[in-house]
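Please keep the view open as you read.

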Amino acid sequence: MNSSADTSRVTSAKIVIAGGFGVGKTTLVGSVSEITPLTTEAIMTSASEGVDDNNLVPDKQTTTVAMDFGRITIDQDLILYLFGTPGQTRFWFMWDELVRGAIGAIVLVDTRRLADCFSVIDFFEHRKLPYLVAVNCFDGKQLHDLNDIRDALQISHDVPVMYTDARNRESTKQVLIKLVEYVLSMRRTRTVGVH
Amino acid sequence: MVLGGDEPTGSLVRPYAVTRGRTRPQLEIALEALVETTARGRSGQFLGGREQKVIVDLCGGRLQSLAEIAARMEVPLGVARVLVADMAADGLLAVHEPTGFDADGGDGSVGTELLERVLSGLRRL
């Protein structure tokens, strides 16, 4: 039996996995999660607060938004969750909750549909959420130069851009590691800047 | 018209029936907040209804996040949040809030230490 003292330090963290519809977010989550990805649903009703674009939602009564997520036990008392964003970016009301307190985000990109992630990147930059861009190589082919992709996305030079294979556990692991290293380096830079 | 007998009981049919129509939780609980059954919850004496029993069982083993509870019970997130908040208020569950990493808020040193733990955990995978 756990006493409350044993578990007082129990905590969790999350990383957001974003990208256009069908780019492989759930595949990426599943490649590294210790559980089969689960789906949780949020219902927005007309009573919801903080919704400023209700006119985009056809049925104002209820709209259901589904998010897939996975879990990685880092330690007995520290669990990391990976949350895939809802496929359609018009469901912004859910994104606020998703990014609140997150370590950072992985923007999964399909080079055939680069424009799908523009609004996602805008959102993270606006929220000052650290993110990296992972280019999903569906068939193992690296069709584009990463610098070309960086230019096309018009993102800052310090944002990491890397190839990945969302199906591959080791590849996903490297992307997650890169994101956390990036966030840590940003924090250190900021601390140095303050003193 | 006969009421009662064929009332839909499936939680997906009328999601907020189990919260008696309430959509606002007593406590804001993050998606990834970890929930654990307390000794009081485990005793089984204070449970009010089927949903509470399910949640107590679910969180009696390993820790479950609010998102996992909602997914495994097949109820919307908002419903799970109301149920868990009520049970936490009654001392049946303990809720461990996540460590937030918001750009400008929180204790920087705590965040950095936790990030380092996440990083070494990922490297060990």
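In chain A, confidence is highest in strand β4 (residues 78-84), at a mean of 97, and lowest in strand β2 (residues 38-45), at 84. The score here is pLDDT, the predictor's confidence in each residue, from 0 to 100. Helices and strands are DSSP runs (helices H or I, at least four residues; strands E, at least two), numbered from the N terminus. Over residues 1-6 of chain A the pLDDT is below 50, and this stretch has three contacts beyond near neighbours in sequence. A contact means that two C-beta atoms, placed from the backbone, lie within 7 Å. Residues 47-52 of chain A also stay under 50, with five contacts beyond four places in sequence. Averaged over chain A, pLDDT is 85, and 81% of the residues reach 70 or more.

This is a predicted model, in which local features need pLDDT of at least 70, side-chain atom pairs count only at pLDDT 80 or more, and totals for chains, interfaces and linings use all residues. Residues are numbered from 1 along each chain as its sequence is written, while chains are lettered from A and ligands numbered from 1 in the order in which they are written.

**Chain A**

Chain A has five helices and seven strands, in the order β-α-β-β-β-α-β-α-β-α-β-α along the sequence. Of its 195 residues, 39% are buried, meaning that 20 or more other C-beta atoms, placed from the backbone, lie within 10 Å of the residue's own. Among contacts in chain A between residues at least 6 apart in sequence, 73% join residues at least 24 apart.

**Where the chains meet**

**A sheet in chain B**

Chain B holds an open, antiparallel sheet of three strands in the order β2-β1-β3. Its edge strands, β2(B) (64-65) and β3(B), each pair on one side only. β1(B) and β3(B) pair over four bridges, where pairing requires at least two DSSP bridges. Glu36(B) stands opposite Ala94(B) in β3(B).

Definitions and conventions: Buried ≥ 20, exposed ≤ 12 C-beta atoms within 10 Å, placed from the backbone.
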